[in-house]
Amino acid sequence: MTAAFPSFTNSSDVGAFEAIVIGGGPAGCACALWLHKLGVRALLVEASDALGGLQRRSPYENLWIPGLMGHTGEEVAGALHRHVHAIGVTCQLNSRVRRIEAADGGFSLRVEGETVRGHYRTQHLVIATGTQPVRGHFRPAHNVAVGPGYPMENLEVRNCKIAILGGGDNAFDQARFVLQRGAKSVTIYSRTPPRAQPGLQALIPQAKVCIGPYTADQARMTVNGEVFDAFGVMYGFAAQLPDGLPQDLELKNENGYIAVNRQGETVLSGLWACGEVTDYWHPCVTTSAAHGIQVAKQISLRLGR
Ligand SMILES: Cc1cc2nc3c(=O)[nH]c(=O)nc-3n(C[C@H](O)[C@H](O)[C@H](O)COP(=O)(O)OP(=O)(O)OC[C@H]3O[C@@H](n4cnc5c(N)ncnc54)[C@H](O)[C@@H]3O)c2cc1C
């Protein structure tokens with residue numbers, strides 16, 4: 001896998017599609033690829049400047065995709081981008097879906113991008129917008145990283161005193177990486193007993209773990225009054241929903257994720273969701289892609305292909 005990201009030609013055919021997929025992470029890429037291969041006229045809309053989703057945040061080797069080893073998350077993202085491009089899927093990068101309306105037995109979307117602003121119509125709409133790290137009351141800054149991956153790797157940690165906030169797998173993983181990169185000390189603050197796998201916790205006996213309530217102050221860079229050089233905020237992930245979803249429908253489950261049935265369809269016929277924006281399966285690249293494929297196949301069947 002190489003790092004080059006080929007450019008998509010922005011779609012000039014603003015108008016009607018049989019299916020539109022919102023979000024170009026593993027779920028949306030897999031869904032759009034399969035729709036395209038199954039003969040469905042589909043458009044993939046991605047808010048950022050390249051495909052790959054959360055994998056673009058990861059400099060770490062991804063050892064969790066069966067049969068694929070030796071590549072970082074960022075390289076996996078690059079491979080998704082190049083695959084979708086090579087297959088010829090119509091794709092709109094740097095474009096955010098701003099408004100969704102159910103209309104004429106399908107959907108009307110307002111998409112705003114760098115070069116294209118317009119309304120698209122489609123019979124089937126797929127939400128594959130994934131998740132984003134929970135920020136709490138923190139603002140990302142040179143000394144505050146929110147979520148794992150590149151934001152943490154970009155923190156200056158050598159000979160520094162680091163506070164990691166959160167008690168899950170990411171908190172302990174990132175504490176370990178920070179120690180490997182030469183941090184002077186790491187303190188993990190977890191309000192409840194850490195949920196991280198015991199094996200991960202055992203890897204860093206030198207990290208101090210404080211369990212119980214704490215107050216972290218970004219302006220003073222203190223936790224419970226103790227001063228730190230940098231914070232890593234590892235509060236988990238929350239569903240990232242596109243703006244303008246119909247509010248009058250029971251689209252979300254109690255955790256704020258899009259609720260889908262076994263086929264991947266929401267309560268609204270023709271409105272589908274796949275990947276991490278649903279919490280249907282354990283979140284990872286393979287399940288997200290599989291979910292996207294499931295939805296693509298159901299849409300093609302519905303269209304009689
Ligand atoms: C640091 C890190 C390391 C990881 N390592 C691994 C690993 O080793 N193995 C593994 O299997 N998994 C790993 N994961 C998890 C994996 O990356 C996710 O499970 C997977 O990316 C989820 O895919 P998705 O397509 O559902 O969502 P996402 O990857 O979140 O993609 C959603 C996409 O939707 C776009 N979007 C959002 N809103 C809009 C909008 N309104 N309009 C247009 N586009 C929009 C976003 O820009 C994004 O590109 C890791 C995650 C992180 C953060």
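This report describes the domains, sheets and one loop of a predicted model.

## Basis of the model

Because the model is predicted, local features are given only at pLDDT of at least 70 and side-chain atom pairs count only at pLDDT 80 or more, while totals for chains, interfaces and linings use all residues. Residues are numbered from 1 along each chain as its sequence is written, and side-chain values use heavy atoms, with hydrogens and water left out.

The chain is divided into domain 1 (16-132 + 237-302) and domain 2 (135-233), with bounds that come from an automatic or database domain assignment. The C-alpha centres of domain 1 and domain 2 lie 31 Å apart. Contact, meaning heavy atoms within 4.5 Å, links 7 residues of domain 1 with 10 residues of domain 2.

The size of an interface is often given as the accessible area lost when the parts come together. Between domain 1 and domain 2 the buried area is about 630 Å², and carbon and sulfur atoms give 55% of that area; buried area here is the accessible area (1.4 Å probe) that two parts lose on being put together, summed over both. Across this interface there are 7 residue pairs in polar contact, with both residues at pLDDT 80 or more, where a polar contact is a pair of N or O atoms within 3.5 Å (within protein, one must be able to donate a hydrogen and the other to accept it, and residues adjacent in sequence count only if both atoms are side-chain atoms). The rule finds 0 salt bridges between domain 1 and domain 2, a salt bridge being a side-chain nitrogen of Lys or Arg within 4 Å of a carboxyl oxygen of Asp or Glu.

## The parallel sheet

Helices (H or I, at least four residues) and strands (E, at least two) are DSSP runs, numbered from the N terminus, and two strands pair if DSSP finds at least two bridges between them. An open sheet with parallel pairing contains 5 strands in the order β8-β15-β9-β10-β11. Strands β8 (144-146) and β11 (208-211) stand at its edges with a single partner strand each, so one side of each has no neighbour in the sheet. From one strand to the next the twist averages 20 degrees, with axes fitted as lines to C-alpha atoms, for helices over the stretch in contact, and angles running from 0 to 180 degrees between N-to-C directions.

Strand β10 (residues 185-190) is joined to β11 by 4 bridges, and the two run parallel; serine 190 has isoleucine 211 in β11 as its bridge partner. Helix α4 (residues 169-180) packs on the sheet and touches β9 (161-165), β10 and β11, its direction making about 170 degrees with that of β10.

## Antiparallel strands

A further open sheet, of 3 strands, has the order β12-β13-β14 with antiparallel pairing, and its edge strands are β12 (216-217) and β14 (226-227). In β14, valine 227 is the bridge partner of threonine 222.

Strands β4 (residues 95-103) and β5 (residues 106-113) run antiparallel and are joined by 8 bridges, with arginine 99 opposite arginine 110 in β5. These strands form a hairpin with 2 residues between them, and aspartate 104 in the turn has a positive phi of about 50 degrees.

## The loop at glycine 70

Glycine 70 lies in the loop between β2 (42-45) and α2 (73-87). Not counting residues up to four places away in sequence, glycine 70 touches Glu61 and Glu75.
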